[in-house]
Amino acid sequence: MSAYRVPADARAAASLLLLRDGAAGPEVLLMRRAERDGDYRSGLCVFPGGVLDARDREAHAWVAGDGDAAWSARLGVAEGGLDYAVAALRECFEEVGLLLADRPFDAVAAAAWRRRLHAGEVGIAEVCAALGVKLDLRALSCHSHWLTPPGVSKRFDTRFFAAAAPVGQQAEVDGGEAVELMWLTPQAALDPARGLKLLPVTERTLQELTPFADAASALADSAARRDIRLTMPRSARLADGRRTVLMPEHPAWAEVGRLDPEGRGDVLAELVAGRAVRLSPRVLRVTAPNPGLMTGPGTNSYLVGAGEAWTVIDPGPADERHLQALMAAAPGRIERILVTHTHRDHSPGAAALAAATGAAVMGRLAEFGDGQDTSFRPGHEPADGERLDCGGAVLRVLATPGHASNHLCFLLEDEDLLFTGDHVMQGSTVVINPPDGDMAAYLASLERLRAAPPAWLAPGHGFLVAEPQAVFDALIHHRLRREQRVVRALARHGEGDLDALLPEVYADVPAQLHAPARRSLLAHLLKLAADGVAASDDGLAWRYVGPGSRQAPSTSSS
């Protein structure tokens, strides 16, 4: 299910992708809309479509194919699913003159009835009765479901369908809605040199069609789609002030929806170092100027509090610019500094910030010093479950070892918002680096959070993350699948060291990330050893000793 709902004022609509084979590959029919003052759709190149008409329901008796119950189930609505399919075919006939019918019909008579339909004098049921045809829905497939973003004057809840173009019919503009028709390959339609004005939904749909060599393959892909999710773009702003449109897979999409549900379009779609972002009345975020392969856009520091008392979570690296940005962003007195863990991009800034503000420093010491900020000296090591009063906002401490032995997450109880440090990062998995990193502990910590997921995540790197339950599920699934690959690789090799196993286990990971992946591979092997599935006599060469296998003596030197 989608994380957002269709508003009551959105207009139900349907659109039709018509495909045919051309000399350069599959072609799709696009129509250029007429120019109209004050209409954001002016001049757009779109697929035929429009809003549902009350009279579309009268055409239920004039369809060849499934009835309303089947179409409603397909679209995930209680009833009226057939209305969308009927509307898609009706709009196509009105706008471009192509009618998907179950038998041939008189083209001259159809043209006359098309004019009456377009004028609103008749409904599509009367057209079918007059022409002696039924609307042919037998090869019609559901392709996608889109909602116009908030902030737009007219919002449409649109179902997109796909079908083969009817043979023997000629598309013609209506001179009203459509002023130009184009049969184009998706690649040609997307070519910037052509300069077509496209909506995000049109651009995305064309991109989805580009891999297919013929119309039949594209239509088969559309017909195979199940559980189609509602897609809604969102408007946001870039750091240079330009407006941009975000799709659901964009890292900032969920955060923009939380901060700008009305669609003003003024929320930043980029993490800008040193710029304070107000995430709620109780929370601000300041990103450190340390972007990189392991830190992404930079380490996030959070200010949490209410009134005059504020707490900093993860002061970041020891960087004077970041120190000044944090102090400038604080709405009140910084009285506490919390550290999720002591990796060098999260905790080194604590000393200078404490010296400048007199704030108390809290966090845990790591069990192993390698890769840690060994200068970190907490005045207090918080216990699991400890609750901290941040001037009216309450943070609960959650011990989450795995990425690091001393890793903590902090739950803002007032907002059910979890500050995850590096336990969960946006857009990537974290490195588990033994001996301080522990894969079994990491998975156990994930399971703990999954059992009682918060409403939102505030990661140490990236934007706010929605749907934490799905995030935890995906992370656990990913780690266990990786573990299965390790087991299969061990079984095939019989015995192998990290360098031999790495290219096979991480074949799907770019080579530039193999160095950190090597550390996580070792973490997987250590977990498998604890589980009795793998073994090593020297910590270098590993062998499979899982259920049903015979443990052979190692041939490696000790």
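**Reading burial and salt bridges**

Modeller: In helix α6, which spans residues 200–209, the residues V201, T202, T205, L206 and L209 are buried, where buried means under 20% relative accessible area, exposed over 50% and partly exposed in between, with a 1.4 Å probe and protein chains only. Helices are DSSP runs of H or I with at least four residues, strands are runs of E with at least two, and both are numbered from the N terminus.

Colleague: Where do the buried residues of α6 fall, seen down the axis?

Modeller: They fall within an arc of 130°, so they line one face of the helix; the arc is that of the directions from the helix axis to the C-beta atoms. This is a predicted model, in which local features need pLDDT of at least 70 and side-chain atom pairs count only at pLDDT 80 or more, while totals for chains, interfaces and linings use all residues. Residues are numbered from 1 along each chain as its sequence is written, and side-chain values use heavy atoms, leaving out hydrogens and water.

Colleague: What is a salt bridge, and how many salt bridges does a search of the whole structure find?

Modeller: A salt bridge is a side-chain nitrogen of Lys or Arg within 4 Å of a carboxyl oxygen of Asp or Glu, and the search finds 36. One of them joins E413 and R396 at 2.7 Å, N to O, and this pair links distant parts of the chain, 17 residues apart, with R396 in strand β20 and E413 in the loop between β21 and β22.
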